[in-house]
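Hello,

Here is the structure I promised to pass on to you. Have a look at it first, and then read my notes below.

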There are 2 protein chains.
Amino acid sequence: MKKFYIAKSRRLRSTPYTSRIENQGVTAYTVYNHMLLPASFGNLEKEYFHLKKHVQVWDVAAERQVQIMGKDSSKLVQLMTCRNLSKAKIGRCYYAPIIDEQGGTLNDPVALKLEEDKWWLSLADSDVGLYAKGIASGLSLQVEITEPDVNILAVQGPKSFKLMEKVLGKKITELKFFGFDHYSFKGNKFLVARSGWSKQGGYEVYVENSEAGKNLYDELFLAGKEFQVEPGCPNLIERIESALLSAGNDFDSTDNPYECGFDKYIDIDSDINYLVKRL
Amino acid sequence: MKKFYIAKSRRLRSTPYTSRIENQGVTAYTVYNHMLLPASFGNLEKEYFHLKKHVQVWDVAAERQVQIMGKDSSKLVQLMTCRNLSKAKIGRCYYAPIIDEQGGTLNDPVALKLEEDKWWLSLADSDVGLYAKGIASGLSLQVEITEPDVNILAVQGPKSFKLMEKVLGKKITELKFFGFDHYSFKGNKFLVARSGWSKQGGYEVYVENSEAGKNLYDELFLAGKEFQVEPGCPNLIERIESALLSAGNDFDSTDNPYECGFDKYIDIDSDINYLVKRL
């Protein structure tokens, strides 16, 4: 198969880690939320076997956040998803399909409830922020919708637990799957979730301070030597074997969430108010 | 500068012309509206001089359309843009900045009024369709918002006029700048606008029937031999020399339309109703 270069430009945004992964041998990118997402370090198969056995650090800053704050934030988040979030707890992640007025699946983010009136939607590849802005304008909701400068580092693979314990301390071993909490490294706090785009176990670090994030990135490689740490990225083979869907690849807006296999995230019989039910 | 490959996937959609341009020597892509947009055929400078002198055929299918139909379609289009479209005419194109509730510039499409209740927004790189859907849901507007399978072919350069006349007939020479009309080729009708992402003159063919479009593509190369036709793409050098902005490169949603230099497309003193004025 012929190969083609990617034409870099400001529009295909770099991440705080781009210069690092380019020194570490990234060979191919995809574009995701108008940002560079590494796709290979030269040997997908080798990376696959490594991910299943050791630990990798991934630049997944392209998983952009839509931040929704304000009095009506929970109302707006609920309007966009068919999952019942009325009992959502601060400190928990929720896989929440975003649907349009026809029930088409626009995105499948992880929703993080940060505060009573503050949410992040950690996005797959579409501009859900514009959808949120449109609904908010139309309904005159009291919300502020932004894309904060959050750049996720993922630490994935069976040895991710040992590595993160070594770097962030024992407390992180208590974090449950799809929980998140704050952990300190060299005086900086990081929001860390036990989640990720593989089924090999691991964490996603939601880096809000890029400089601190780059220090953490470097430390993960220093401390990770004994765990055979390598740079990596979501691995096509592992992702498909693990049945982790990719919006735009495995489904798109012409598929409803049932067709995506999202049955357990659809609360069609509850009394929650979301767009498809409202119309 | 290091070069990197693009990792192709279904999510980075191909166009009906992809196999053709890959046979014709495309070397680099960018990604635009979740679709492949050719960025070079190997020598940007040579392509620049060729574009200024002869004629090129471009695969710009990535300029996707948001189709807005229905009773409230004109109302919705106006809500999204600061340009006064109240006197817009069928058969004309309008450069119409899309803004959010803060006045941030989300996109700078060309709006085509197709019928009294039918519009296309020919997009730069962001999901304006989601913004439109959000507003429409919030305000319960009677509209249908879709992304039709329209794949634009651009014919650009000083010899584009002679080439298009040869292929589509004398009538096309009467088309004025930013006007559009329908023209026949081998029994198929094509919507053709006198527009394009260069200042060297030319046309954009809004291809609705992909098979017919591929035949037209091939004919343009056959008939274009005498005009030194070449495959091409929006050229970075020519675009910047011509002061044609690129959303995401030269401005983004943190810039208001004044900061983008769009003064003549802002009707702040008229009585039109758009989001920034409404709030």
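**Around Asp108(B)**

Leaving aside residues up to four places away in sequence, Asp108(B) touches Tyr95(B), Ala96(B), Pro97(B), Ala124(B), Leu245(B), Ala247(B), Phe251(B) and Phe262(B), where contact means heavy atoms within 4.5 Å. Before going on, please note that this is a predicted model, in which local features need pLDDT of at least 70 and side-chain atom pairs count only at pLDDT 80 or more, while totals for chains, interfaces and linings use all residues. Residues are numbered from 1 along each chain as its sequence is written, chains are lettered from A and ligands numbered from 1 in the order in which they are written, and side-chain values use heavy atoms, with hydrogens and water left out.

Asp108(B) lies in the loop between strand 8 (105–107) and strand 9 (110–115) of chain B; helices (H or I, at least four residues) and strands (E, at least two) are DSSP runs, numbered from the N terminus. Asp108(B) is buried (under 20% relative accessible area, 1.4 Å probe, protein chains only). Yet Asp108(B) has no salt bridge (a side-chain nitrogen of Lys or Arg within 4 Å of a carboxyl oxygen of Asp or Glu). The nearest side chain of opposite charge, Arg239(B), is 8.5 Å away (Lys and Arg count as positive, Asp and Glu as negative; His and the chain ends are not counted). The side chain of Asp108(B) does make a polar contact with that of Tyr95(B), at 2.5 Å (a pair of N or O atoms within 3.5 Å, one able to donate a hydrogen and the other to accept it; residues adjacent in sequence count only if both atoms are side-chain atoms).

**Where the chains meet**

Chain B has 47 residues in contact with 46 residues of chain A. Phe4(B), Tyr5(B) and Arg11(B) supply 22% of the area that chain B buries against chain A, more than any other three residues (buried area is the accessible area, 1.4 Å probe, that two parts lose on being put together, summed over both). The area buried between the two chains is about 4,200 Å², with 53% given by carbon and sulfur atoms.

Eight salt bridges are counted between chain B and chain A. One of them joins the side chains of Lys133(A) and Asp100(B) (2.6 Å, N to O). Helix 4 of chain B gives nine residues, the largest share of the side of chain B that touches chain A.

Best wishes

How values were computed. Buried < 20%, exposed > 50% of the residue type's maximum accessible area, 1.4 Å probe, protein only.
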